[in-house]
Amino acid sequence: MLSHNAKLEKEIKEYDSLTSYGNRHFSQPIPKFEIPEDGMPPEVAYRLIHDELNLDGNPSLNLASFVTTWMDDEADKLIAENNDKNFVDNDEYPQTAFIHRRIVNMLAKLFNAQEDSNFAGTCTIGSSEAIMLALIAHKWYWRENRKTKNVNALPNIVMGADVHVVWKKFAKYFDVELRMIPMKEDCYILTAEHLEDYIDENTIAVGVVIGTTFTGQIDEINEINDLLEKIKESKGWDIPIHVDAASGGFVIPFTDPDFKWDFRLSNVRSINVSGHKYGLVYPGVGWVIFRDAKYISEELIFNVNYLGGELPSFSLNFSKGSSMVLAQYYNLLRLGMKGYTNIMENLMQTSYYLLDKIEKTNVFDCLTEKLVLPVITIKLKDEFLDCTSVFEISEKLRQHGWIVPAYTLPSNAENIAVLRIVIKENFSRSMADILVRHINEIQKYCVLSLDKSKQQKHHKKPQINIY
Ligand SMILES: Cc1ncc(COP(=O)(O)O)c(C=O)c1O
């Protein structure tokens, strides 16, 4: 005979197993502050979390992020099959390590490393780790090769204000003086113009961006390379360029292969790229490639023996998943040069299409003369600044599900507020049409709700075209 309590427990168990939503966990608060005493059935835990995540934005409508939001089903399968492999366990998973090396070879070739060169590279968790590793290597190389007698001299790094925040982090975390060249009101890239004033014999590298975070533009890399060549000749300072090609590294080689921005330029010593941006892999993979392994001090390579075998490691973290590295290889095989080229060209076409529609609204100006990446940065025309702001438009677009960020540009151009739209492969032309329709509706609403007397103050009445 079961006791009353045991009977009740049995009844609860039976009831719990009927349906996830009939489960008692759905009538109780979800644990938030302490690990619950008892667990719960897997499907219930899944449902609780899955349903809560419906409150997140929709990745397909996320035009803020450069990071991939769609992959083939076969890639998803490969990722799921390899989620249990720690990338760092090279000895246990040697084939994964071979595949990693093959990708480094392919990227070095994509970035035009010379056939007979001793290039080197590694995967990272993203471009941030890749940039940190490259700059640490340049700091060590500078220290080991400097000619100065002043051993206490502080190393410095020179870059434009258009760099991603990770460059500032590097300077702070690794005690390097940050020399940042401000933007101008009408120029949002690093040019060679005043660069010479910022560099000296303790400059460990100049940072050049191929596809800036703020506007998707390209720094004046050829002119900067020429200037560094001249400085090498006249002063004997051998200052390398690290190219931050987080976004551009998987675009430019396919859309403009003749443009020299990579190892074809003499002073480019290292390049990073995000596999999870236009490399078209889900978040969690970046790459850094060095022109020559000699630029990575042996002191930065740590050998560990506790995983079986002798494993060299050059990374900031230790354990990480293998799946995204394998997914990168999947894309390289699946797409090939032609596949990447077709996708990047389509992205550029969609970007031009969208930009044309946006410009025809007569509400926005594009910040850049020409698009080099599938990234559109727009600001409100002056006559609309009293009616609304890009921040309001961004907020209202969010009500339709679109995620389009609004922000101000970095120093010396901070009075310019923009919207940035990053086009990714699963953003079709018809979605572009819908986005423009929503932008127009918002804009129209803002203008109509503007106080009439304010409107009369305008010399020119805002003219909106609806597409
Ligand atoms: C130019 C640039 N560099 C570096 C990064 C950082 O890349 P990750 O997010 O892969 O660490 C970004 C990210 O958007 C970027 O745009």
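Student: Which residues are closest to the ligand, and how many residues surround it?

Tutor: The model is a predicted one. In it, 14 residues surround the ligand, and Gly 126, Ser 127, Ser 128, His 164 and Ala 246 are the closest.

Student: Why is Val 304 called partly exposed?

Tutor: Val 304 has 13 other C-beta atoms within 10 Å. Buried needs 20 or more, and exposed needs 12 or fewer. The count of 13 falls in between, so Val 304 is partly exposed.

Student: Where does Val 304 lie, and what does it touch?

Tutor: Val 304 lies in strand β8, residues 302-304. Leaving out residues up to four places away in sequence, Val 304 touches Leu 311 and Ser 313. Pro 31 is 273 residues from Val 304 in sequence, and their C-alpha atoms are 39 Å apart.

Student: What makes strand β13 mostly covered?

Tutor: Strand β13 spans residues 417-422, and five of its six residues are buried. For each buried residue, 20 or more other C-beta atoms lie within 10 Å of its own.

Student: How do you know that β11 and β13 pair?

Tutor: Pairing takes at least two bridges. Strand β11, residues 375-380, is joined to β13 by four bridges, so the two strands pair, and they run antiparallel. Ile 378 has Leu 419 in β13 as its bridge partner.

Student: What joins β12 to β13?

Tutor: Three bridges join them, in the antiparallel sense, with β12 covering residues 406-408. Leu 419 in β13 is the bridge partner of Ala 406.

Student: Which domains are assigned, and how many residues of domain 2 are in contact with domain 3?

Tutor: The assignment gives domain 1 (4-56), domain 2 (74-332) and domain 3 (347-457). Between domain 2 and domain 3, 18 residues of domain 2 are in contact with 13 residues of domain 3. On the domain 2 side, the touching residues are eight nonpolar, seven polar and three charged. The C-alpha centres of domain 2 and domain 3 lie 32 Å apart.

Conventions
Residues numbered from 1 in each chain as written. Predicted model: local features only at pLDDT ≥ 70, side-chain atom pairs only at ≥ 80, totals over all residues. Near = placed C-beta within 6 Å. Contact = placed C-beta atoms within 7 Å. Domains from an automatic or database assignment. Nonpolar A, V, L, I, M, F, W, Y, C, P; charged D, E, K, R; others polar.
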